[in-house]
Amino acid sequence: ALCLAWGMTWPAMRIALIDFPPFTMRTLSALVGAATIIVLARLARRPVRFPARKDWIDIVVVTILNIVLFSLCASFAQLMTVTGRVAILVYTMPIWSSLLAYFVLGERLNTMRGIALLLCIVGMVTLIYPLTTHGIPLGLLLAVGSAVSWAFGTIYLKWRRVRIDAFTLAAWQLVVAFLIIVVVALIFECSFDPSKVSLYSLGGLIFSG
């Protein structure tokens, strides 16, 4: 179910980007996501609580790595290259998280993990190499940057041993992401006209959120 929903999110984002500029799209999808998480939390009887003061640094750092940088890099990458290629490169995250886990957490690579990591690297090189005859496209670099940011966020959570309820952590990450990206959107995309948005793109944005 996760793979199906997440996989369909990539074309949904690309559909949303037809009429929504990137910062605005990510601002609104974060808002939709936060509202959805809060509703789900209430249905699960695990209300989203205001985090303790000591948790805010972790929430902000993880938000910047796992949502703000990740989502903005992915959005701009989709505008610059093929959606399928972007999605595949973003999911090279295990390569970067495995390497970071080795250096930061001291996790050793056994034979099976080493082979898997090698296959991931070969796959990434196979995907990128044909496109490098005239230099590496910026869209691909942004896609890889999205994967690296995601990996850093994942390793940070484990390194810090963050113990925050999953609903609370997810909801506040999206709220903080909304507050950060909306400021950028108001600065760079103030001329955006919502009256020109089609139901097609609106549907893509809601599904993505």
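Contact means heavy atoms within 4.5 Å. This is a predicted model, in which local features need pLDDT of at least 70, side-chain atom pairs count only at pLDDT 80 or more, and totals for chains, interfaces and linings use all residues. Residues are numbered from 1 along each chain as its sequence is written, and side-chain values use heavy atoms, with hydrogens and water left out.

**Exercise 1. Describe how α1 and α3 pack.**

Step 1. Helices are DSSP runs (H or I, at least four residues), numbered from the N terminus. Axes are lines fitted to C-alpha atoms over the stretch in contact, and angles run from 0 to 180 degrees between N-to-C directions.

Step 2. Read the geometry. The angle between α1 and α3 is about 75°, and their axes are 10 Å apart. This makes α1 roughly perpendicular to α3 (65 to 115 degrees; under 35 is roughly parallel, over 145 roughly antiparallel, the rest oblique).

Step 3. List the partners. α1 brings Trp10, Met13, Arg14 and Leu17; α3 brings Ala74, Ser75, Gln78 and Leu79.

Step 4. Sort them by class. Five are nonpolar, two polar and one charged (nonpolar: Ala, Val, Leu, Ile, Met, Phe, Trp, Tyr, Cys and Pro; charged: Asp, Glu, Lys and Arg; polar: the others, Gly among them).

**Exercise 2. Decide whether Asn66, Ala185 and Arg161 are buried or exposed.**

Step 1. Set the cut-offs. Buried means under 20% relative accessible area, exposed over 50%, and partly exposed in between, with a 1.4 Å probe and protein chains only.

Step 2. Take Asn66, in helix α3. Its relative accessibility is 18%, so Asn66 is buried. Leaving out residues up to four places away in sequence, Asn66 touches Ser149, Trp150, Gly153, Thr154, Leu157 and Gln173.

Step 3. Take Ala185, in helix α8. The value is 8%, so Ala185 is buried. Met25 is 160 residues from Ala185 along the chain, yet their C-alpha atoms are separated by 9.1 Å.

Step 4. Take Arg161, in the loop between α7 and α8. At 61%, Arg161 is exposed. Asp58 is 103 residues from Arg161 in sequence, with 9.9 Å from C-alpha to C-alpha.

**Exercise 3. State which residues and elements line the largest pocket.**

Step 1. Name the residues. Among the 26 lining residues, Trp6, Ile67, Leu174, Ser208 and Gly209 are the closest to the centre of the largest pocket (a pocket is an open set of points on a 1 Å grid over the protein atoms alone, where a 1.4 Å probe fits, with protein on both sides within 12 Å along at least five of seven lines; lining residues have an atom within 4 Å of a point).

Step 2. Name the elements. α1 (2-19), α2 (22-43), α3 (56-80), α7 (138-160), α8 (166-188) and α9 (199-208) each give two or more residues.
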